[in-house]
Amino acid sequence: MDTFMLVVNLLGGLGIFLLGMELLSAGSKKLAGGKLRYILDRFLRSKPGGVAFGVLLTLLFQSSSAASVVLVGFVDASLITFTQTLPVLLGTGIGTTITTQLISFNLGDYALLFVGLGFFIKAFAKGRWSDVGQIILGFAILFFGMKLMADGMAPLREMPRFIDLLLHLERPWAGLLTGMVLTAMIQSSAAFIGILITLTTSGLITFEAALPLILGTNIGTTVTALLASLTASYPGRKLAVANALFRFLGALLLIWFLGYWAQATYWISGQAASNARLLANAHTLFNLMMALVFLPFTGLIGALAGKLVKAPRKKSVHSLQYLNKDLMSSPDLSLPFLQKEVQDMGEVVYSMVKASMRPFFERDAAAVDQIKKWEEKADFYREAINDFLVKMNQKHPIENWSEDYYRMLHVVNELEQIADIVAVNVVRQAEKWLQNNIQFSPSGKKELEDYHARCLKQLERALVLMHHWDPDQALRMKRKYRKYALMAFDFERQHYKRLLTPNTTSLESSKVHMELLNLLRIINSRATNFGRLVFMREAHEPMPE
């Protein structure tokens, strides 16, 4: 076999291996992704639970780097704290070893059988069984890729130059550096371990010589995350550095005890174990030892990462803080991040409503400019969130989304409508008001202040409701809306009474007074619509009386 065909077989086998991992990851996320939020709350109450969550997260994504990206999103969305992620990082290392354990069994000869089995289950089964079929298909393609790599590497045993190159890996530091570089190039520690298993099974490298390569693999898997973190958020950069510190310190510690590590692996595996099983067990043993050693010191590692990464200066450029392209493949996982973005949009709109009366009560012209800036940000949120959902729909049809997505879309629309009321209608009145030297009567001003305060309170209830969708709170909002509507009607009547008395102030400010009262009543109605979303059903049931 010439060199060209050898490279073709190796690259083709590696490509099929990675394709299998991608299918396996997608099937796992479909099968378990919907329960991830529940598991998140349960597991992260303790450090061991965090490690267990890291194992699960890596099994879902079949990549510790991808799992780290999701962790960054969790931190950014304030679902978990940076401190809580540190035990999870240790768990992601253990998670990668489970895939390694599975691929260490020589199942390549049966790979095509399981390719067929997995395909037919995926194609003809429904619901969760279809996801199970995809997982089987992913594993089968993964094993088939391993077999192609093994067959492609067989001629290397007859190539003196390659044998000489491998002899250099007998030196621990050279092996560590090689493993780190190659894993960073492949961007998958599981894939590189698969290559190592193929090398040891083919007799091209000894088990002992592969141990430094495993250490290098664990460092190399952090390189991708470190590079990606250059443009990530501050918590993301800290997380990437903390992950690298765990791996680097673990490798630096164990490279001096390679002999003891090998002996412990032989003792656990048994003398009759194959090189593939020895390698998989050594990889697992390293990550387990690293978790046990560093788990009590996660706070120290986090503090060190915080010192190495400088906190950024705040930027005024509009951007989504929580949603990113990595979440588009998992609708179930993206929902809490979407909720955080909508919450931020809600806070911007709340600020607009809160500042809307300042030009009238305080003659504050700067408030008008600030409202316009907030309105630009609210518009950005609407467009960016809709763009994200449209792109996610291209990967996952909308009929598979949960009801909460529709609620979020309705909330975004209501917030946008409130922002427009303030930025267009209220601001138009404010600009005219500031050009004229007129005032509200003391009674009229007091009425607007009271109604404005109640409007803000209703909007506060709406934003809180968005987190829990509590029917009792929704009904309370509806009762408050009725009360406020009667209050507005009463204020109108009081205003008309003042107009019938010799009161020049009320006469000059009458039109503005009535316009503002009406606009605040519309905002109040829009906020109350949040409560109506609680009772949104497929049959479009009306909100209970």
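Predicted model: local features only at pLDDT ≥ 70, side-chain atom pairs only at ≥ 80, totals over all residues.
Residues are numbered from 1 along each chain as its sequence is written, and side-chain values use heavy atoms, with hydrogens and water left out.

Let's begin with the inside. In soluble globular proteins, nonpolar side chains tend to be buried together. A nonpolar core here is a set of buried Ala, Val, Leu, Ile, Met, Phe, Trp, Tyr and Cys residues joined through side-chain atoms within 4.5 Å. Buried means under 20% relative accessible area, exposed means over 50%, and partly exposed is in between, using a 1.4 Å probe and protein chains only.

The largest nonpolar core has 67 residues, and L338, V342 and F360 have the most contacts inside it. Several helices give two or more residues to this core, including helix 16 (331-355), helix 17 (358-361) and helix 22 (504-533). Helices (H or I, at least four residues) and strands (E, at least two) are DSSP runs, numbered from the N terminus. Which helix gives the largest share of this core? That is helix 19, with 14 residues.

Now find F360. Contact means heavy atoms within 4.5 Å. Leaving aside neighbours within four places in sequence, F360 touches V426, Q429, A430, W433, F440, V512 and L516. Apart from this core lies another, of 54 residues, with I195, L204, L213 and V309 among them.

On to charges. Side chains of opposite charge can pair when their charged atoms come close. A salt bridge is a side-chain nitrogen of Lys or Arg within 4 Å of a carboxyl oxygen of Asp or Glu, and the structure holds ten of them.

Please look at R382. Another joins R382 to E416, with the closest N and O atoms 3.1 Å apart. Because R382 lies in helix 18 and E416 in helix 19, this pair ties together parts that are 34 residues apart in sequence. Is E416 buried or exposed? E416 is buried, at 5% relative accessible area, while R382 is partly exposed at 26% and E383 is partly exposed at 49%.

My last pair is K446 and D450, whose side chains meet in a salt bridge of 3.0 Å, N to O. These two are four residues apart in helix 20, so about one helical turn separates them.
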